[in-house]
Amino acid sequence: MSRQRKAAALISGGLDSLLAARVMQEQGIHVEGINFYTGFCVEGHTHAIRKKDRKKEKRNNALWVAEQLGIKLHIIDIVEDYKQVVLNPKHGYGANLNPCLDCKIFMVGKALEWIKAKGFDFIITGEVMGQRPMSQRKQTLPIVAGESGAEDLLLRPLCARNLPETLPEREGWVDRERLYDFSGRSRKPQMALAAKFGFEDYAQPAGGCCFLTDAQYSVKLADLWQARGDKQYEMDDIMLLKVGRHIRPAPGYKLIISREEGEGNFLRGYRHQYAHLTTVSHPGPLALIDGQFDDQELQLAARLVARYSQGRSAEQVTLEFTDIDGQARELTVKPLPAHEIPKEWVL
Amino acid sequence: MNRQIVDCRRLLCPMPVIRVQSAVEDLAEGTVVEAVCTDPGALTDIPAWSRINGHRVVETRSEAGEYFVVVEVGPKDLS
């Protein structure tokens, strides 16, 4: 009797990877999921930070998908290795700072390492030809298979019949006739297949699951690189870009101002790493100051923070400034009127 | 019984899950792991991860802005 073949499925938490994995299960393949954590994943972060989102149902969609499928899910931290993808994408960026093609090549390459280490037979993804403008085009699907090193160990069950046969098909582990030929941007075939499998609740694709596809986030990341004169980032940098109002009044420093209590609590965790301002005379935000600034710039920073406090209409607002060494002192300033904040300061 | 504490404070999901996953990898069946978290998402994510990977959630609780998830390691994967 031939042994049951094993496939590792790249699980993003969306509908396509859910369906691709189920198609394989229908053919008797043992499937386990892999979910890569890059640091830019939208999943859960802002919900965890912002108080107003706390009441929303919190669900990690990749875990939820795995539970629907009854498969194991291995969440893999690739934050450090992923930097090369973000900083120097061979195939360039998409509309924002999203290196989607390099990202997919990298993830499939990591999955290849994983299946070799774990004794799995092949890799599956939920890719659909023509679904996405950068990484899922007819011309780029072979690039993913080739440059990742996976070659014919990479099977895309939802569009396999549009592509050359892969090893699992040639070897008869998988019946090509029971795979699909989806193509294009329409979601109707996937929704019909979901209905066939009885999946009624699934994550709706809404601009992807990665902050790098977000225009606003990309502006802040590009600003960070420009301000530092060095195209690098650490985990804390990319976390802080997800939080607060970012205002850069001068090239050398910027303010990260909390917008509500949850963000204030989150930023408070960074008090020992950054100089910061809090309002004393009126309820108001916590603001971290990232960079170098002189006394005049500190005055301006204080006026900006005062503008976002409940004392914005007051003649004067008192703030406490704490420097990077923890030395605190008070400042009293006139809040900066909204019309005196140039648009280009706000990232 | 000895508990292995996994400090996940200040980590946002899914990092707490990844920390628990790493801790559990080298532990024998029946060992108890307690994750201490500040992201409330851990209260749903760690139990979900535990269920699908064959581990048992013994307890979840919240105290003073921290969230605790206690997991008993399940049988090793023989597949």
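Reader: In which hand, left-handed or right-handed, does α1(B) pass α2(B)?

Author: The model is a predicted one. In it, the crossing in which α1(B) passes α2(B) is right-handed. The axes of α1(B) and helix α2 (residues 42-52) of chain B cross at roughly 40° and come within 9 Å.

Reader: Which residues of α1(B) and α2(B) meet?

Author: From α1(B), the residues P16(B), V17(B), V20(B) and Q21(B) take part, and they meet A42(B), D45(B), I46(B) and W49(B) in α2(B). By class, this contact of α1(B) with α2(B) has six nonpolar residues, one polar and one charged.

Reader: Turning to chain A, what makes α1(A) roughly parallel to α3(A)?

Author: Helix α1 (residues 15-26) of chain A and helix α3 (residues 61-69) of chain A pack at an angle of about 25°, and their axes are 10 Å apart. Angles under 35 degrees count as roughly parallel, and α1(A) is therefore described as roughly parallel to α3(A). On the side of α1(A) the contact is made by S17(A), L18(A), A21(A), R22(A) and Q25(A), and on the side of α3(A) by V65(A), Q68(A) and L69(A). These residues of the contact of α1(A) with α3(A) divide into four nonpolar, three polar and one charged. The crossing of α1(A) and α3(A) is right-handed.

Reader: Which residues meet where α1(A) passes α8(A)?

Author: In α1(A) they are L15(A), D16(A), L19(A) and R22(A); their partners in α8(A) are Q190(A), L193(A), A194(A) and F197(A). The classes represented are five nonpolar, one polar and two charged.

Reader: Why is M191(A) called partly exposed?

Author: M191(A) has 14 other C-beta atoms within 10 Å. A residue is buried at 20 or more such atoms and exposed at 12 or fewer, so a count in between is termed partly exposed. M191(A) therefore counts as partly exposed. M191(A) has its place in helix α8 (residues 188-197) of chain A.

Reader: How do you know that the buried residues of α4(A) are on the same side of the helix?

Author: The buried residues of helix α4 (residues 79-87) of chain A are Y82(A), V85(A) and V86(A). They cover an arc of only 90° around the axis, and therefore they are on the same side of α4(A). An α-helix has 3.6 residues a turn, so residues three or four places apart point the same way. What covers the buried residues of α4(A) includes α5 (100-118) of chain A.

Reader: What puts the buried residues of α11(A) on the same side of that helix?

Author: In helix α11 (residues 261-268) of chain A the buried residues are E263(A), G264(A), F266(A) and L267(A). Their arc around the axis is only 165°, which puts them on the same side of α11(A). For chain A as a whole, buried residues make up 45% of the 347 residues.

Reader: What are the phi values of A64(B) and R10(B)?

Author: A64(B) has a positive phi of about 50°, although it is not a glycine. R10(B), also not a glycine, has a positive phi of about 70°.

Note on methods
Residues are numbered from 1 along each chain as its sequence is written. Chains are lettered from A and ligands numbered from 1 in the order in which they are written. This is a predicted model: local features need pLDDT of at least 70, side-chain atom pairs count only at pLDDT 80 or more; totals for chains, interfaces and linings use all residues. Axes are lines fitted to C-alpha atoms, for helices over the stretch in contact, and angles run from 0 to 180 degrees between N-to-C directions. Helices (H or I, at least four residues) and strands (E, at least two) are DSSP runs, numbered from the N terminus. Angles under 35 degrees count as roughly parallel, over 145 as roughly antiparallel, 65 to 115 as roughly perpendicular and the rest as oblique. A crossing is left-handed if the near helix is turned anticlockwise from the far one by less than a right angle, and right-handed if clockwise. Two residues are in contact if their C-beta atoms, placed from the backbone, lie within 7 Å. Ala, Val, Leu, Ile, Met, Phe, Trp, Tyr, Cys and Pro count as nonpolar, Asp, Glu, Lys and Arg as charged, and the others, Gly among them, as polar. The arc is that of the directions from the helix axis to the C-beta atoms.
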